Amino acid sequence: MTTPLLLPARPATWRGLRAATLGALCAAGMVAASVAFAQAPAASAPLSAGQARPAADDPALEARMMAIANELRCVVCQNQTVADSHAELAADLRDQIRDQLRAGRTPDEVRGFMTDRYGEFVLYRPPLNARTALLWGGPALLMLLGLGVLMAVLRRRQRLPDTAFDAELPDADDPLSPPFPSPDRPHDAR
């Protein structure tokens with residue numbers, strides 16, 4: 001006995017046809033995504049969920065590498081350190097740092113190598129010199145500028161007469177004053 005093939009009801013409008021087509025595509029996409037996610041853990045089976053792949057056999061070397069990597073900016077991410085970044089270039093840089101430390105280079109020599117290769121931009125703490133003076137002094141200059149503006153505004157307000165600060169009369173130039181008169185105040189002609 002054969003079972004009859006059940007077809008969905010024929011849509012009456014193009015809108016119904018479009019909705020039926022989109023529904024079928026979404027269902028197919030969900031099936032494909034569930035199959036892909038079901039096969040994904042099989043690819044990384046040697047590691048359990050909470051374990052990371054060991055980066056170095058020597059924990060002391062790994063700690064020294066991480067200390068240097070925390071001082072270097074990822075060239076791809078730019079807002080993360082080389083230690084925190086998941087970019088492929090950051091992984092390569094961590095490997096280079098490890099290799100140089102294994103070769104007997106000091107942390108200063110490793111930072112110098114990275115600076116020669118990528119410029120001072122790669123350092124999170126660039127040295128104080130003529131090119132980076134504004135970088136180091138900029139925040140202090142901005143703070144002094146802000147304090148100067150605040151002092152000037154306060155001194156100017158201090159020189160104004162007390163009638164300039166009358167709370168009963170709204171300022172005509174104030175966009176926050178209500179466009180209509182308050183009920184306790186008579187209407188003034190504007």
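**Exercise 1. Is Asp99 buried, partly exposed or exposed?**

Solution. This is a predicted model.
Step 1: take the relative accessible area of Asp99, which is 44%.
Step 2: recall that buried means under 20% and exposed means over 50%, with partly exposed in between.
Step 3: Asp99 is therefore partly exposed.

**Exercise 2. Describe the salt bridge between Arg98 and Asp95.**

Solution. 
Step 1: the N to O distance is 2.6 Å.
Step 2: both residues lie in helix 3, three residues apart, about one turn of the helix.
Step 3: classify each partner. Arg98 is at 5% relative accessibility, so Arg98 counts as buried. Asp95 is at 37%, so Asp95 is partly exposed.

**Exercise 3. Which residues are linked with Asp108 and Arg111 in a network of salt bridges?**

Solution. 
Step 1: start with the pair. Asp108 and Arg111 form a salt bridge, with the closest N and O atoms 2.6 Å apart.
Step 2: Asp108 and Arg111 are three residues apart in helix 4, so about one helical turn lies between them.
Step 3: classify. Asp108 is exposed at 57%. Arg111 is buried at 19%.
Step 4: Glu71 and Arg125 are linked with Asp108 and Arg111.

**Exercise 4. Show how the buried residues of helix 2 are arranged, and what they pack against.**

Solution. 
Step 1: list them. Leu61, Glu62, Met65, Ile68 and Ala69 are buried in helix 2.
Step 2: look down the axis. These buried residues fall within an arc of 125 degrees, so they line one face of helix 2.
Step 3: find the neighbours. The buried residues of helix 2 pack against helix 3 and helix 4.
Step 4: follow one contact set. Leu101 is in contact with residues including Leu61, Met65 and Ile68.
Step 5: turn to the core. The largest nonpolar core has 17 residues, and Ile68, Ala69 and Leu101 are among those touching the most other members. Helix 2, helix 3 and helix 4 each give two or more residues to this core.

Notes: Residues numbered from 1 in each chain as written. Predicted model: local features only at pLDDT ≥ 70, side-chain atom pairs only at ≥ 80, totals over all residues. Heavy atoms only, no water. Core = buried A, V, L, I, M, F, W, Y, C linked by side-chain atoms within 4.5 Å. Buried < 20%, exposed > 50% of the residue type's maximum accessible area, 1.4 Å probe, protein only. Helix = DSSP H or I, 4+ residues; strand = E, 2+ residues; numbered from the N terminus. Contact = heavy atoms within 4.5 Å. Arc of directions from axis to C-beta. Salt bridge = Lys/Arg side-chain N within 4 Å of Asp/Glu carboxyl O. Lists of a residue's contacts leave out its neighbours within four places in sequence.
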